[in-house]
Amino acid sequence: MAEFVPVAGAEDVGEGEIRAFEVRKTKVAVAKVGGTFYAFNDACTHLQCSLAEGDLEEATVICPCHGSEFDVRSGEVLRGPAREPVETYETRLEGGGLEIKL
Amino acid sequence: MPQTLAIVGAGPAGGSAAAALRREGFEGRVILIGAEPHPPYERPPLSKEYLRGETSFEQALLQPSGFYRENGIEAWFGVRATRVDAARREVELENGERLAYDGLLIATGARNRRPAIPGLGLGGVHQLRTVADCDRIRQEIAPGRRAVVVGMGFIGSEVAASLRQSGVEVTVVDRNEVPLRRALGREVGRVIEELHRDHGAELILEDAVAAFEGRERVERVTTRGGRRIGCDFVVVGLGAEPVTDLLAETGAKIQNGIVVDEHCRTSVEGVYAAGDVANHYHPTFGRHIRTEHWQNALRQGSVAARSMLGKKSAPYEEIPWFWSDQYGHNLQYAGLHTEWDELVVRGSMRERDFLAFYRKDGRVLAAVAIGRGRELRRSIPLIKARERVEAAKLRDPDVDLRALAGAAGSRR
């Protein structure tokens, strides 16, 4: 059953930033865009590079290894070589901390 | 409005063009003709994850297999086109049939160079371009078998790495003093050399193959330097040349590929070219360049499609970019350099964690990175700007390359 689990403090990810956190053995990337937190699986669906090590341009994250681009809000592939979307997780703020539904 | 648009060459450039024609709303016939019996697929995995058996062929397909039917694209796969009659606007096929076209895109790619080395035709001497080539090499792979890789360009280097990762004993032969010498220069080539040595590949450099020897199958490779290397199979990677034969009788300008302008138009009315085969005018560099990269093929294919439809579009001026994964290290290159006067390094070459800039007269012509893809990407605007940048700033890990590019841009 999916439930909300704490990931980080709300201050840990600044506007326009992206960072990875390990949550229950899953590496989760968190991006903050326009004041909203978006969480998704950190492993690029192409060859598993860490997306948090890539650049964030507005709501687009760019894989640092092979240039695949994903929309952090939906996980959708905007540009290959990746074919499959990344899994995204619902987020919420709870008592100054960020939680995701995992 | 044209009625029949034909694309010869069903690789990434041709496949991307076919998809783009429909995306742009073209409702006439689209015919995609490819000599291989497969729908368009991407070749980068063939020297890496697919060769190692880690990914499937389906994962390499440019589009899901139902895509062409769903989009009304006539898929003529396993059909070879032999010549173009530009005056009559017809493509002739291997079986003698002729196809009339209103617009034609040539996306025939490149073929491997086959130098006249004795024994090249022996069993077990492979080359790599198609998935069929790759499948033949895969059948040779087993731990403890011995392979010789001839040529340490990108294909040779990646194949050597994949074979080592699969437990094959690998000896490489290259005529230069380091791998990737021509593409990346001596200093970066040295890093690649050490990487391969650390993973147990034997490197025979500044030498060349004299002959492949054996009865029916290759048993040994001899070199001009007098080495005799026993082996079970060989992979030859000695470069490629554009496949331009089709246009031989059309009067189209051919020079290091099919010469096209920044909109993929050849010198012949109604005929376009894109991908590895196209020697295209690049506005940023002010000259024609021909690149054999995945990204170039895909994006140029889309540009060609728009041109075929007579749609106005921005000139194709993507900065060439590609990656090469070897032993889990991600190498990326962006830009275009043939000569340079200084290699400015950020990070550590020894630790295989660096970004290096090829600089000439103070300008960054190109950059190469191992393990620093984010920064490599950030240097692309710098390369595009073609303005002088201080070496100290390039070298300083605390200087954000995006800010540098911004500064360069604002001075224009």
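**Notes on the predicted model**

1. Leaving aside residues up to four places away in sequence, B:Ala147 is in contact with B:Leu163, B:Val168, B:Glu169, B:Val170, B:Cys231, B:Asp232, B:Phe233, B:Val234 and B:Val235. This is a predicted model, and the contacts should be read with that in mind.

2. B:Ala147 belongs to the largest nonpolar core, which has 93 residues, and it is listed with B:Val234 and B:Ala367 as having the most contacts inside that core. In soluble globular proteins, nonpolar side chains tend to be buried together.

3. Most residues other than glycine have a negative phi, and most peptide bonds are trans.

4. A:Glu58, which is not a glycine, has a positive phi of about 50°, and it sits in the chain A loop that runs between strand E5 (55-57) and strand E6 (60-62). Because A:Glu58 has 11 C-beta neighbours inside 10 Å, it counts as exposed.

5. B:Arg89 likewise has a positive phi, near 55°, without being a glycine, and its place is in the chain B loop between strand E4 (81-85) and strand E5 (90-93). With 18 other C-beta atoms within 10 Å, B:Arg89 is partly exposed.

6. The peptide bond that leads from A:Gly80 to A:Pro81 is cis, its omega being near 15°, and A:Pro81 lies in the loop of chain A between strand E8 (77-79) and strand E9 (88-89).

Definitions and conventions: Residues are numbered from 1 along each chain as its sequence is written. Chains are lettered from A and ligands numbered from 1 in the order in which they are written. This is a predicted model: local features need pLDDT of at least 70, side-chain atom pairs count only at pLDDT 80 or more; totals for chains, interfaces and linings use all residues. Helices (H or I, at least four residues) and strands (E, at least two) are DSSP runs, numbered from the N terminus. A residue is buried if 20 or more other C-beta atoms lie within 10 Å of its own, exposed if 12 or fewer, and partly exposed in between; C-beta atoms are placed from the backbone. A nonpolar core is a set of buried Ala, Val, Leu, Ile, Met, Phe, Trp, Tyr and Cys residues joined through C-beta atoms within 7 Å. Two residues are in contact if their C-beta atoms, placed from the backbone, lie within 7 Å.
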